[in-house]
Amino acid sequence: MTKPLLPVRTVIMGAAGRDFHNFNQVFRDDRTTRVVAFTTTQIPLTTARRYPSILAGEQYPEGIPIEDESLLETLCREYHVQQVIFAYSDVPHAHVMHQAARVQSLGADFVLLGPERTSLKSTLPVIAVSAVRTGCGKSPVARCISRQLKNRHLRCAVLRHPMPYGDLERQIVQRFEREADLDTQHCTIEEREEYAPHIAAGNIVYAGIDYAHILQRAEQESDLILWEGGNNDFPFIQPDLHIVLADALRPGDELTYYPGESVLRTADVAIIAKANAAPEAHIETVRNNIRTCCPNIPIVLGHSTVSVEHPERIRGQRILVIEDGPSVTHGGLPHGAGYAAAMAAGAADIVDPRPFAAPSIRQIYAQYPHIGPVLPAIGYDKQQCRDLAETIQRSDVDVIVSATPVDLTKTVGLSKPVARVRYEYEDASRPGLRQILDDFLSNRLKVNH
């Protein structure tokens, strides 16, 4: 049998995040592998770019092309590709195997890299917050943990899963301490949704592309690293305490999505989130599924407590509900906290935004037909922000209920009255997350309660 010629010609399938990290960690300095292209999906406006040479390294003086995933077969044939690395998240198990079939039908290997090869090791203790699906509530849990760390006078750096949707050369290492940093670094609405609440809570947030450098810088001003994941991906940093959320409103998803099930199987603690909004039968299904994967870990019930600014504006009115984007797009939720809050506050009518949608927003509804009568806060570039603003302005409503963490009055401008919705995490069982974190800090850092 003839051995394959080196270097092994490789394509990395991704969505502008995990794919770049896997390349940096595993392939950038590997002379036995030649990455000929990245492909991208899920996130709009990441095609027609190149992974720049400053990030790609000396083996790639011209960088690496980033192409749409629809071109996978063409790329494999053109470059005689020998292996394809699958490197994006929050997709059904069947979707992964469909991609494997596309690749293997061309004779190439289909590869999934695990955390052993891709995770960085910190010199500091690491707490990681992950989930089995997008939209389980990682951010409220991470904020809850950060408050507890502050109460113990611990300096905590929050490392966020990457969202490099702009100029990649300017996003190698990003540090956010003040709200003005979001403007300086031209953050999208999606980035602001994740970073702004942490900044408001007094946390320093790191993100970007090269996580070896990001981690090194964060370690210089921290006592502990708090990793807040994206989608349902593995942590990029090897955790000492791994907290994984499952969603009581989506029972069964914890066993049917990639890499969510794999992530769950690495958990030290599982949280069944949104238990206050789900039937007991759903909670029991999720609990039994967690026990199947992880028979010996603690399971915590968590509530998502929703608060509304100016609830009096909602009662009896025609309402446009704006939800956080990822949860109701590739996260698969028909609606979120905004819809629930509007209904609870006595809205006369939840108005479907589809008839008023501007072109790029119409494309989102076509791509994700499961979305209910709500408007995802989508704004990956200036045009989408303009289309979002136009859709809001066109909508025949009295009041806007906004459940995105971003203050849209500042980012896109709102001419109608707004009722903002916020949601936070609370323990609903004992021992809860607070006690588990206290025990971890006592044992790992010798911190008194």
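**Strand pairing, sheet packing and a covered helix**

Ile-319 sits opposite Val-399 of β20. The model is a predicted one, in which local features need pLDDT of at least 70 and side-chain atom pairs count only at pLDDT 80 or more, while totals for chains, interfaces and linings use all residues. Numbering starts from 1 along each chain as its sequence is written, and side-chain values use heavy atoms, with hydrogens and water left out.

That facing pair belongs to a parallel pairing: strand β17 (residues 318–324) and β20 are joined over four bridges. Helices (H or I, at least four residues) and strands (E, at least two) are DSSP runs numbered from the N terminus, and two strands count as paired if DSSP finds at least two bridges between them. β20 also pairs with strand β21 (residues 418–427), again in the parallel sense, over three bridges; here Val-401 stands opposite Ala-419 in β21. As for side chains, those of a regular strand alternate between the two faces of the sheet. In β20 (residues 399–402), Val-399 and Val-401 point one way and Ile-400 and Ser-402 the other, and all are buried (buried: under 20% relative accessible area; exposed: over 50%; partly exposed: in between; 1.4 Å probe, protein chains only).

Moving to another part of the model, six strands make up an open sheet with mixed pairing, in the order β3-β4-β2-β1-β5-β7. Its edges are β3 (49–51) and β7 (109–111), each of which pairs on one side only. From one strand to the next, the twist averages 30°. Strand β5 (residues 83–86) runs parallel to β7, joined by three bridges, and Val-84 stands opposite Phe-110 in β7.

Two helices go with these strands. Helix α4 (residues 93–104) packs on the sheet and touches β1, β5 and β7, its direction making about 150° with that of β7. Helix α1 (residues 18–27) lies across β1 (8–14), β2 (33–40), β3, β4 (64–68) and β5, and runs at about 170° to β2. Contact means heavy atoms within 4.5 Å; axes are lines fitted to C-alpha atoms, for helices over the stretch in contact, with angles from 0 to 180 degrees between N-to-C directions.

Then there is helix α8 (residues 189–200), whose twelve residues reach 16 Å from first C-alpha to last, close to the 16 Å expected at 1.5 Å a residue (1.5 Å times one less than the number of residues). α8 is mostly covered, with ten of its twelve residues buried, including Tyr-195, Pro-197 and Ile-199. Just after α8, Gly-202 takes a positive phi of about 90°.
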